Amino acid sequence: MLMRMNKTTMALSAVAVMTTATNVLADGMLKEWPAVLAKMPADTRLAVMGKSFAEQDHDWGQFVAAVELGAMGVPNPSDMLAGMGPAMQHIDHNAPIGMAMVSGPLDEGKPPMLMFVPVSNYQGLADALSTGVEDGLHMIDFGNGEQWYGKQSGKYAVLGLDQEIVSGYTGNKNAMAKFSRIAGPSAAQIARDSDWALIVDFEGLDEVVNPLLDQAEVAFNEQLEMAQAMGMGGNLEQAEMMMALYREAVEIVMEDGQCLVVGASAGAKGFRIDSNMSWRLDTTLGNMFKGGNDARDLLSRCNNSPYLLAISMDMKGFDIGGFMDTIMARLPEELQNIQSLQSSPAVKAMMEQADGSAMVIYPSPAGVLGGAALSGLATVYTGDAAKLRGSMKSMFTDMNGTEQNGVSFTSEYGENAAEIEGVSVDTYSMQMKFPPEMAQAGQAMGMMYGPGGMRGYIVPTEGGIIMTASRNKVLVRKMLAAQGNDNNGLAGDAGINAVNEMLPGNAAFRAYFSLGTLAQWVGPMAAMVMPGLDLSAMNDLPPIAMAASVEANSVRKTLVVPAPLIRAGINVAMQAQAAQMGMGGGGGGDEEEEPPLF
């Protein structure tokens with residue numbers, strides 16, 4: 001009997017310990033969110049939250065100082081609030097502010113919305129704004145002709161346009177608990193650390209989005225018909241397919257999405273946008289994101305020289321091929337037979353075989369006006385070099401003589417057609433013949449790759465291949481020199497390393513856009529168009545950067561614009577304005593053996 005009691009006591013104690021631990025963890029998760037979320041009701045579908053005005057003033061002040069906007073007299077958030085009238089003196093500047101969209105009709109002129117405004121003196125706010133009391137609610141007049149209703153809930157004023165919703169509000173923590181359950185791991189941190197954050201519950205969101213998609217489709221078709229009537233239209237079948245693909249992609253996001261959190265902030269380091277999108281388990285998008293390794297080191301295989309755009313991705317972290325298969329399978333039957341380059345078996349095979357990729361666009365040696373803007377494009381694919389090389393051969397061989405959506409393809413592939421630095425390399429070429437109604441697309445391709453179309457090298461390396469978009473042997477030599485050495489290649493670039501400190505770690509996707517290199521590239525042309533404009537201030541600046549990382553059943557994305565870049569951009573804009581008021585209103589590269597472009 002005593003033994004049974006001891007076992008029962010031990011079991012109950014274990015349950016109590018587990019329950020306590022669970023409650024502690026849950027409370028910890030809830031406390032990570034901005035406190036104002038605790039005021040929002042359980043049926044909150046969309047929430048907007050802002051830091052306290054004191055915190056926003058601090059962050060904004062650091063940003064203004066970093067980008068040197070102080071001389072312009074830019075007001076801080078508290079100054080803008082004070083400008084709304086004396087009633088604002090009753091706002092509590094040390095507590096967060098929020099807004100919740102709850103369940104209810106959206107088309108009756110009174111959105112189902114509740115505003116949560118922290119107050120130091122609710123009665124003072126009500127006395128300043130209220131025009132009377134109705135059914136226990138203050139009738140609020142903001143001077144814009146709309147009738148608002150308000151009441152006090154603790155240290156907050158709860159305001160809304162729908163009297164019934166404001167009257168029925170009681171206040172609880174259910175919204176915080178719900179979003180803790182459905183949001184991704186970093187969502188609470190994003191909401192807490194951002195100056196302003198948006199949270200969306202995807203449950204039932206299709207009821208709002210589908211009518212917007214219908215309107216977009218009608219407008220798209222009207223514009224296409226108008227363009228065709230003017231002789232400017234493109235391929236109708238291709239346009240229909242692209243619209244259908246777009247709609248299917250959005251609908252899959254609506255079906256598979258669970259919760260989206262987006263936050264924006266400004267501070268001493270610059271401007272930042274963070275987001276976290278969580279997916280329902282065992283769905284198309286829920287299964288697409290596999291995790292993956294940090295893509296940062298993939299750029300070490302690329303030459304460290306001025307670049308326009310650099311993108312690295314761990315291919316095993318994203319099932320892109322499976323996602324495209326799902327979309328294609330969901331298309332209307334009459335569109336399923338339309339082929340595209342992305343849907344070819346060879347491309348899918350290459351995507352599956354590649355472990356990672358690093359793509360860099362270096363400035364064309366011919367300059368902005370020299371044509372073939374992508375002649376400096378080089379991509380590294382890591383994986384089994386023989387298999388990747390075989391997939392490339394299959395892709396260009398299978399494409400020859402085909403027609404896709406009105407575009408005719410002529411392609412060639414040459415194995416071991418050249419030798420560079422003792423390495424036997426393959427060559428490829430691809431020309432596209434566009435129908436008359438797609439003449440603009442043909443011109444765009446010529447500007448990107450030159451009149452001869454895409455022509456480049458496939459270069460085997462240890463652990464992968466290099467693919468170029470031009471027959472530029474100097475570029476190939478530089479890329480080969482970056483393979484397997486200890487200088488970190490482009491991953492060692494000072495600007496990239498500077499912005500990496502602002503990005504989350506373990507990002508399976510990274511992208512860097514260098515406005516500094518772009519400014520140097522277009523500088524001579526800009527000086528001709530606008531004498532006196534000096535873009536040298538943009539030199540050697542850190543790039544705009546974006547990263548994506550997989551967290552459990554969610555994806556976190558971060559975009560950063562560094563403060564030095566913003567500061568230089570403001571100075572250039574002021575120069576351009578001054579130069580405009582004052583107005584009243586390529587050479588070759590370092591190619592040795594053949595022209596740099598083709």
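Author: Let's start with a term: a nonpolar core is a set of buried Ala, Val, Leu, Ile, Met, Phe, Trp, Tyr and Cys residues joined through side-chain atoms within 4.5 Å. Buried means under 20% relative accessible area, exposed means over 50%, and partly exposed is in between (1.4 Å probe, protein chains only). A word on the model too: it's predicted, so local features need pLDDT of at least 70 and side-chain atom pairs count only at pLDDT 80 or more, while totals for chains, interfaces and linings use all residues. Residues are numbered from 1 along each chain as its sequence is written, and side-chain values use heavy atoms, with hydrogens and water left out.

Reader: Which residues have the most contacts inside the largest nonpolar core?

Author: Those are Phe-289, Tyr-381, Met-392, Phe-396 and Tyr-428, in a core of 52 residues. Helix H13 (residues 385-399) gives the largest share of this core, six residues. Helices here are DSSP runs of H or I with at least four residues, strands are E runs of at least two, and both are numbered from the N terminus.

Reader: What does Tyr-428 touch, not counting residues up to four places away in sequence?

Author: Quite a list, including Phe-396, Tyr-413, Met-454 and Arg-471. Contact means heavy atoms within 4.5 Å. Phe-396, Tyr-413 and Tyr-428 also form one aromatic cluster.

Reader: What makes Phe-142 and Trp-148 an aromatic pair, and why is it called edge-to-face?

Author: Rings of Phe, Tyr and Trp (its six-membered ring) pair if their centres lie within 6.5 Å; planes under 30 degrees apart are stacked, over 60 edge-to-face, and the rest tilted. Here the centres are 5.4 Å apart and the planes make 90°, so the pair qualifies and is edge-to-face. The structure holds five aromatic pairs.

Reader: Why are Asp-201 and Lys-178 called buried?

Author: Asp-201 has a relative accessible area of 9% and Lys-178 has 10%, so both fall below the cut-off for buried. Their side chains meet in a salt bridge as well, at 3.1 Å, N to O. A search of the whole structure finds 15 salt bridges.

Reader: What about Arg-192 and Asp-193: why are they called partly exposed?

Author: Arg-192 is at 35% and Asp-193 at 39%, so each lands between the buried and exposed limits. This pair also makes a salt bridge, at 3.5 Å, N to O.

Reader: And what makes Glu-403 exposed?

Author: Its relative accessible area is 56%, so Glu-403 is over the limit for exposed. Glu-403 lies in strand E14 (residues 403-404).

Key:
Salt bridge = Lys/Arg side-chain N within 4 Å of Asp/Glu carboxyl O.
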